[in-house]
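Today I am looking up salt bridges. I start from the sequence and the structure below.

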Amino acid sequence: MRETPPPASYTRLELGDTSTIPVGVTVSPHISLVSMLVEVVGGYDRGLPAAWRRQVGSAIPEQGYRAASALARRGTSVQPDFIVPISPGADSSAAAQAEMLRELPEADVLKGLEEVFGDRLPAQWRQAADHPRRWVASIADAFTATRLATENLWTKARPLLDREIERIGVASVRGGTDAVLGLLRPHFRFSNGCLLLPDAEPARYTTRGRKLILVPMLAGSRSVVSNLDEEDAIWIGYPLPGLDGLLEGGKTEPAPGVDGLDLVVGAHRAKLLRHLGKPARMGEIANLLSCAASTATYHCEQLVSAGLIQRHREGQVVLVVRTPRGDALVDLLS
């Protein structure tokens, strides 16, 4: 399992033709708790608001904090798979994950450590190797404390989660998976069937016919948690779209979409895509979206990254127009 800070290097996931890959979405709060716990205990800044960092940090018991320090080692991303004892192939509760972790046999802990570290066990993991039962009980306590400290956040985020499940479902059955992957977050990269995930210990993977499971997280905007090694499926935890406003105390109920295109790429970018059947200048785009030039540029950059629009210069003017992929997406979803 990989829980990654945002470095300059990337793990490469070769997907190929996404229309042939089964794609699912699950709600697994434990994946979010992994990200929150590592950010708080490790002192990383991945976009979790300071108020939530303080709330989680003050809730974790001392022994749990000490146990979680093993997960927060700087310069590494690979964690033993037993940190997520129930793979998010289907919805699973955080309470069930913590309970299974608490009951993990000592032999499974030691085997998991050996598989990842071999005979070079980092000092932070020595506590787990020397006292496996005590360590898993303490880390389970840390996850439980983090869950209880953030319960109200999950309640507020339910409409956003429901909308994200609908969005992924519409995209996967109507040919919009490329757009979803291209717009996950700014620090992901997707191009020509290849997804790049920020990773301190980069590697290379292919799907090999496995299912791709997307796990929306309530976590910092620059967080990534993934497992690309499982036999039957690969899963990627990514920040839930729209979460920034919720974390800052803003609107939590997503506005209803007009059609599938609004749902998959968002209302502003859908409006922009529809308009770009013909070339447009950046100033025209800002007027169209009734936003600042910087905001218009941000939306354009996201669509360029997803391969849905392109920019080119004609003399002193920069024009923006849909790509063939953008044309196809508008035809499919509108």
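Does E62 count as buried or exposed? I looked up its relative accessibility and found 61%, so E62 counts as exposed. I keep in mind that this is a predicted model.

Entry one: E62 and its partner. I found a salt bridge between E62 and R66. Their closest N and O atoms are 3.1 Å apart. Both residues sit in helix α3, which covers residues 62-68. They are 4 residues apart, about one turn of the helix. I then checked R66, which counts as partly exposed at 38% relative accessibility.

Entry two: R325 and D178. These two also form a salt bridge, with 3.6 Å between the closest N and O atoms. This pair links distant parts of the chain. I located R325 in helix α15 (residues 324-333) and D178 in helix α9 (residues 177-182). The two are 147 residues apart. R325 has 28% relative accessibility, so I noted it as partly exposed.

R53 belongs to helix α2 (residues 50-59) and E39 to helix α1 (residues 29-42), 14 residues apart. Is E39 buried or exposed? E39 has a relative accessible area of 0%, so it is buried. R53 is partly exposed, at 22%.

Last entry: the total. How many salt bridges are there? I noted a count of 13 salt bridges.

Note on methods. Residues numbered from 1 in each chain as written. Predicted model: local features only at pLDDT ≥ 70, side-chain atom pairs only at ≥ 80, totals over all residues. Heavy atoms only, no water. Salt bridge = Lys/Arg side-chain N within 4 Å of Asp/Glu carboxyl O. Buried < 20%, exposed > 50% of the residue type's maximum accessible area, 1.4 Å probe, protein only.
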